[in-house]
Amino acid sequence: MKEYELTTSNDSDTSQFAERLATYLQPGDVIALEGDLGAGKTTFTKGLAKGLEVKKTVNSPTFTIIKEYRGRLPLYHMDVYRVADAYEDLGFDEYFEGEGVTVVEWAHLIEEQLPEERLTIFLYHQGQNQRKIVLKPKGQRYEQLCKEIV
């Protein structure tokens with residue numbers, strides 16, 4: 001599996017990259033987000049939402065696990081950090097197979113429930129404001145997507 005890397009200089013660059021990615025997304029696409037606290041997962045998701053033409057303010061669903069937003073495509077924003085049991089049936093598959101785009105923060109915590117084909121994005125701190133973004137596609141659709149956007 002090939003990896004794709006880029007570096008952003010600030011939150012705005014990270015958001016703009018996500019916004020551009022959103023223009024390529026289709027119903028049923030799944031993005032798994034990984035990174036330390038404060039690495040930019042929610043900033044990335046806000047940019048994705050803007051690219052999907054979501055009008056509502058996007059924030060982390062830390063205490064609700066899933067938030068849904070309407071735009072060009074529905075956006076299902078999950079934060080599974082507080083999911084106690086990786087095998088707990090919370091109906092994730094209904095979102096993964098739904099009409100929208102699903103973004104899962106801390107996705108490794110529900111690895112067994114994630115679809116085999118997906119785009120995993122790692123966000124790493126590089127200094128005060130820079131972020132290294134590493135994209136790991138699983139499946140031909142996501143491989144092609146990465147080739148087009150990076």
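Strand S2 runs parallel to strand S5 (residues 101-105), and four bridges join them; strands are DSSP runs of E, at least two residues long, and helices runs of H or I, at least four, numbered from the N terminus. Within S5, Thr-102 is the bridge partner of Val-30. S2 is also joined to strand S6 (residues 118-126), again in parallel, by five bridges, and there Leu-33 has Ile-121 as its bridge partner.

The model is predicted: local features need pLDDT of at least 70 and side-chain atom pairs 80 or more, while totals for chains, interfaces and linings use all residues. Residues are numbered from 1 along each chain as its sequence is written, and side-chain values use heavy atoms, with hydrogens and water left out.

Six of the six residues of S2 (residues 30-35) are buried, so the strand is largely enclosed by the rest of the structure. Buried means under 20% relative accessible area (1.4 Å probe, protein chains only). Val-30, Ala-32 and Glu-34 are buried on one side, and Ile-31, Leu-33 and Gly-35 on the other.

The open sheet has seven strands in the order S1-S7-S6-S2-S5-S4-S3, with mixed pairing; two strands pair if DSSP finds at least two bridges between them. Strands S1 (4-8) and S3 (66-69) stand at the edges with a single partner each, so one side of each has no neighbour in the sheet.

S4 (residues 75-79) pairs with S5 in the parallel sense over five bridges, where Met-78 stands opposite Val-104.

Notes:
Buried < 20%, exposed > 50% of the residue type's maximum accessible area, 1.4 Å probe, protein only.
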